[in-house]
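Okay, thanks everyone for coming. Let me put a structure up on the screen, and then we'll walk through it together.

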Amino acid sequence: MADDYQMQQINGDQIGTGQKPLLELYVKASGIENRRIGACLFCQEFWMELYALYEIGVVRVEVKTVNINSEAFKKSFLGAQPPIMVENKNATYTDNREIEGRIFHLAKEFNVPLFEKDPVVEKRIESLYRNFKIFLRSKSEHDRERKGSSPTPMDSLPPQQKASYNKLVEQLSNIDQLLSERNSRYLLGQSMTEYDCELMPRLHHIRIVGQRLLGFDIPLNL
């Protein structure tokens, strides 16, 4: 069992430990190092939302990276796939909407503005990952047809690929500009919200996939 589950535990201290909900989040393990969270956007997003609740001391959290192919894991959750959340050892949530809904209600119960809405932020970050996937598909196809030994440099892209690249960089620049205008640590202020929990894992994916497959780096000035 030790090979199937790797656990990291964090405990806040602003509310008595016995009064805090214990939330166990089962996430897909990285294929490189089994104590790290794997390339699952929902796993990463839910982990960040739970961390935001932990950071102000209203919940206890255990993050368990799992080998989804292990028999022990399959038997424990009857074939359900991560992310999976268990609350206080008895309530199990295996659907992403259920997990998000439970985190939403916990945030509301403890008056944590995790799901505060901001139309300006929403407009700036919407479709970022979709725009990246359009660029990924377009440039990958171009590089395959070109049959070069290395990815095409950004300044040598043909018009179609250059347009998708420019759209992606423009959106990243708009997000950076918003942070600069608000002079804040996070998108809505000094506290993390769902927008940050959604954006940061996607930026990480864009950086890693871009570097390894496309020869693309997020501009250093952003």
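Predicted model: local features only at pLDDT ≥ 70, side-chain atom pairs only at ≥ 80, totals over all residues.

Residues are numbered from 1 along each chain as its sequence is written, and side-chain values use heavy atoms, with hydrogens and water left out.

So, the overview. The protein chain has 7 helices and 5 strands; those are DSSP runs, H or I of at least four residues for helices and E of at least two for strands, numbered from the N terminus. Reading from the N terminus, the order is β-β-α-β-α-β-β-α-α-α-α-α. The C-alpha trace spans about 60 × 45 × 25 Å along its principal axes. Of the 222 residues, 46% are buried, and buried here means under 20% relative accessible area with a 1.4 Å probe, protein chains only. Now take contacts, meaning heavy atoms within 4.5 Å: among those between residues at least 6 apart in sequence, 69% join residues at least 24 apart.

On to α1. How many of the 15 residues of α1 are buried? It's 11, so this helix is largely enclosed by the rest of the structure. Among them are Leu41, Cys43, Phe46 and Met48, and also Glu45 and Glu49. After α1 comes glycine 57, with a positive phi near 85 degrees.

Next, α5, residues 128-146. From first C-alpha to last, its 19 residues reach 27 Å, close to the 27 Å expected; that expectation is 1.5 Å times one less than the number of residues. Its buried residues include Leu128, Asn131, Phe132, His142 and Asp143. What covers them? The cover includes α1, α4, α6 and α7. Lysine 147 follows α5, and its phi is positive too, near 55 degrees.

Let's stay with α5 and α7. They pack at about 10 degrees, with axes 11 Å apart; the axes are lines fitted to C-alpha atoms over the stretch in contact, and angles run from 0 to 180 degrees between N-to-C directions. That's why we call them roughly parallel, a label for angles under 35 degrees. Residues making the contact include Phe132, Phe135 and Leu136 of α5 and Leu203, Ile206 and Val209 of α7. By class, it's 10 nonpolar, 3 polar and 2 charged, where Ala, Val, Leu, Ile, Met, Phe, Trp, Tyr, Cys and Pro are nonpolar, Asp, Glu, Lys and Arg charged, and the others, Gly among them, polar.

Methods: Buried < 20%, exposed > 50% of the residue type's maximum accessible area, 1.4 Å probe, protein only. Parallel < 35°, antiparallel > 145°, perpendicular 65-115°, else oblique.
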